[in-house]
Amino acid sequence: MPRFSWIGLLLAFWLMLLCARSPAQDYRIYEPHPRLMLPPRKLALLQKERDRQSMRWLQFESVVKNASELPEPGLAKALYARVTGQAAPCLEAVRWALEAPPDLRQKALVLDWCHELAPEEQIQALALTLERELEAAEEDRSMPAVRGRLLAAIALAERRPKLTSSQLQAILGQWWENAAVPALRMSFVSGNRSELFAACEMLHAVQDNLKIDLRQPAADLFQDLPLALLLAYYPAPYPGPRGDVFLPASKGASKPDPEQALAARAAGLCLVSYDGGSDQSQFLQGFLMQDQYLMRDPRGAVYEFLWANPYRPGLSYHHAPLYFHSRALGALFARSSWNQNATWFGYLDGELQVFDPDGLKIVTAQPVSKPIQLGGAAVYVAQGQPPGKIQLPAVDTVFFTGLKPETEYVIEMESTKRFTESTDRAGLLAINLEGRPRGWIRIR
């Protein structure tokens, strides 16, 4: 081979190595304080709520002024100070932050929101405290813990730019796609909405400061979340200590957890605030704007004020679909109507639940001759093997549960050519019947 050809090959190989070893992205934050959760438009909206003495503002103000023990005093007082422009609540928030046990998220918000409202020496002391806590929290990879690291890194951006860049590189360059997205799927099925709320706060912080949309690596998941959140609620409200709440479905049907009800509502409000343009988000907005179910406890009142936006367009959830299958989550939800006495069905990662006026039940078997029919869908319970030839009911979609996950099956239907469909990650097979004959069906 001619010499120049070898040289060309070596150069091409060297360029390929350089591309593979491209330097890590250098994340820089240039936004002024406040840069966490309160961009100018959002802050102006909250100040408008204060000026018009809205119900959510009055509730939030009452909690801050009268609660003897705020669950999150730093967050509540710093938010109150930023909205009102009063320095005194910020001084209290900074004093709390300097004395409290490690709490990266709250202390980052106090540093950011009180940056111009507290003396510089106190802000500097808080920044040093935050830096020490940030370095000590490296090993905890849970969603709430990493959310705290992210907020702390952004709050410290102009004081510790190298620390900020390294933290953001570790979180956004590796952890988010490899660990956070799978954790979100698992936590949704388990009913743990605290992880989703933490992820939603991260979406806002990254978008506001870096103009990066963290939904991109899991676009299918985030596209499904608004409607999945809506239909994953059990239909009957649960009487909580400060008013009725709706409970999110959870695998295992554990006892009612008002804390997860609060986290579910806060996560929904936060998600709609991030992107409320789709029909799915507007259905969720319409459901969440029912004032009789707003959060009234000292913790929830803060999030109700911070994230609820009564000016955002919403659609009546009574017009939302009565069933929804999310391949990304491996979950299916259906209900007979949007009334509170409706019958509800949920399939969560292999577990089948039915909620009706008699309460919640786990279904372990169901005769093929009697599929569960709700909201235009019919659900057949398979025991590892597809059922034999069955007559199709008058529904829009049929679902077969209990099959092999992520496996292709051959579908035979009367007067129709054979076709294939694949199950989702939980072994659920969906077959749309619109435009197809309603005769018999067989799955192989």
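The sulfur of Cys 200 has its closest cysteine sulfur in Cys 270, at 4.8 Å, which is too far for a bond. A disulfide requires the two sulfur atoms to lie within 2.5 Å, so the separation of 4.8 Å between Cys 200 and Cys 270 rules out a link. Cys 270 is accordingly in no disulfide, and the nearest cysteine sulfur to it is that of Cys 200. Cys 200 counts as buried, with 1% relative accessibility. Cys 270 is likewise buried, at 0%.

Under the same cut-off, the count of disulfides in the predicted model comes to one. The bond joins Cys 90 to Cys 114, with an S to S distance of 2.0 Å. It links distant parts of the chain, the two cysteines being 24 residues apart. Cys 90 belongs to helix H5, which covers residues 88-99, whereas Cys 114 is placed in the loop between helix H6 (104-113) and helix H7 (120-136). The angle about the S-S bond is -90°, and the link of Cys 90 and Cys 114 is left-handed.

| Residue | Relative accessible area | Class |
|---|---|---|
| Cys 90 | 0% | buried |
| Cys 114 | 0% | buried |
| Cys 200 | 1% | buried |
| Cys 270 | 0% | buried |

Key. Residues numbered from 1 in each chain as written. Predicted model: local features only at pLDDT ≥ 70, side-chain atom pairs only at ≥ 80, totals over all residues. Heavy atoms only, no water. Helix = DSSP H or I, 4+ residues; strand = E, 2+ residues; numbered from the N terminus. Buried < 20%, exposed > 50% of the residue type's maximum accessible area, 1.4 Å probe, protein only.
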